[in-house]
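Thanks for coming, everyone. Let me put the model up on the screen, and then we will walk through it together.

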Amino acid sequence: MEPFSCDTFVALPPATVDNRIIFGKNSDRLCDEVQEVVYFPAAVHNNLGEHLKCTYIEIDQVSETYAVVLSRPAWLWGAEMGANEHGVCIGNEAVWGREEVCDEEALLGMDLVRGSS
């Protein structure tokens with residue numbers, strides 16, 4: 001059976017021990033797809049005229065990025081879930097809509113997760 005859904009959860013105090021926040025996510029990726037847990041340190045970027053290569057397109061480089069831990073499929077730039085040095089956590093979820101899909105290459109939802117973390 002192929003997976004077809006993702007779920008993200010968060011547990012907040014007072015439901016957790018020691019007032020911890022727990023964030024988790026399952027993935028609907030194929031079971032044999034390599035998932036990496038990666039760390040990118042905070043950085044100041046002096047190459048603002050250059051572009052950053054995402055999964056399918058390039059975007060403008062920002063001046064500063066935060067340290068981040070991500071879980072992602074090895075083949076793409078984005079991530080399934082992540083947390084940055086300020087404790088912001090985010091997970092990728094499928095959203096089904098009624099609008100037609102564009103034929104042009106664009107940022108993936110997982111690219112937005114990495115950019116938001």
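Let me start with a question: in which sense do E3 and strand E8 pair, and over how many bridges? They pair in the antiparallel sense, over six bridges. E8 covers residues 68-73. Two strands count as paired if DSSP finds at least two bridges between them. Helices (H or I, at least four residues) and strands (E, at least two) are DSSP runs, numbered from the N terminus.

A word on the source. This is a predicted model, where local features need pLDDT of at least 70, side-chain atom pairs count only at pLDDT 80 or more, and totals for chains, interfaces and linings use all residues. Residues are numbered from 1 along each chain as its sequence is written, and side-chain values use heavy atoms, with hydrogens and water left out.

Now the overview. From the N terminus on, the order is β-β-β-β-β-β-β-β-β-β-α. The C-alpha trace spans about 45 × 40 × 30 Å along its principal axes. The chain has 117 residues, and 23% of them count as buried. Buried means under 20% relative accessible area, exposed means over 50%, and partly exposed lies in between (1.4 Å probe, protein chains only). The protein chain exposes about 8600 Å², with carbon and sulfur atoms supplying 56% of that. Those areas come from the Shrake-Rupley method with a 1.4 Å probe; for residues, only the protein chains shown count as cover.

What about contacts along the chain? Contact means heavy atoms within 4.5 Å. Take the contacts between residues at least 6 apart in sequence: 51% of them join residues at least 24 apart.

Back to the sheet. E3 and E8 belong to an open sheet of four strands, in the order E3-E8-E9-E10, with antiparallel pairing. Strand E3 (35-40) and strand E10 (89-91) stand at the edges. Each has a single partner strand, so one side of each is left without a neighbour in the sheet. In general, strands of a sheet pair through backbone hydrogen bonds, either parallel or antiparallel.

Look at the partners one by one. Glu36 stands opposite Arg72 in E8. Tyr39 stands opposite Val69, also in E8. On to the next pair: E8 and E9 are antiparallel too, over four bridges. There, Ser71 stands opposite Met81 in E9. E8 itself is mostly covered, with five of its six residues buried.

Next, the helix. Which residues of helix H1 are buried? H1 runs over residues 109-116, and the buried ones are Met110, Asp111, Val113 and Arg114. Seen down the axis of H1, they fall within an arc of 155°, so they line one face of the helix. That arc is taken from the directions from the helix axis to the C-beta atoms. As background, an α-helix has 3.6 residues a turn, so residues three or four places apart point the same way. And what do the buried residues of H1 pack against? They pack against E3, E8, strand E9 (81-84) and E10.

Now a single residue, Lys25. Lys25 is found in strand E2. Is Lys25 buried or exposed? At 17% relative accessibility, Lys25 counts as buried. The side chain of Lys25 makes a polar contact of 2.6 Å with the side chain of Glu80. A polar contact is a pair of N or O atoms within 3.5 Å; within protein, one must be able to donate a hydrogen and the other to accept it, and residues adjacent in sequence count only if both atoms are side-chain atoms. The Lys25 side chain also reaches the backbone oxygen of Asn92, at 3.3 Å. Leaving aside neighbours within four places in sequence, Lys25 is in contact with residues including Phe9, Met81 and Gly91.

Last stop: the loop between strand E1 (7-11) and strand E2 (22-26), where Pro14 is found. The peptide bond from Pro13 to Pro14 is cis, with omega near 10°. Asp18 is in this loop as well. Asp18 has a positive phi of about 55°, although it is not a glycine. At 61% relative accessibility, Asp18 counts as exposed. Asn19 is found in the loop too. Asn19 also has a positive phi of about 55° without being a glycine. Asn19 is exposed, with a relative accessible area of 59%.

That is the tour. Thank you.
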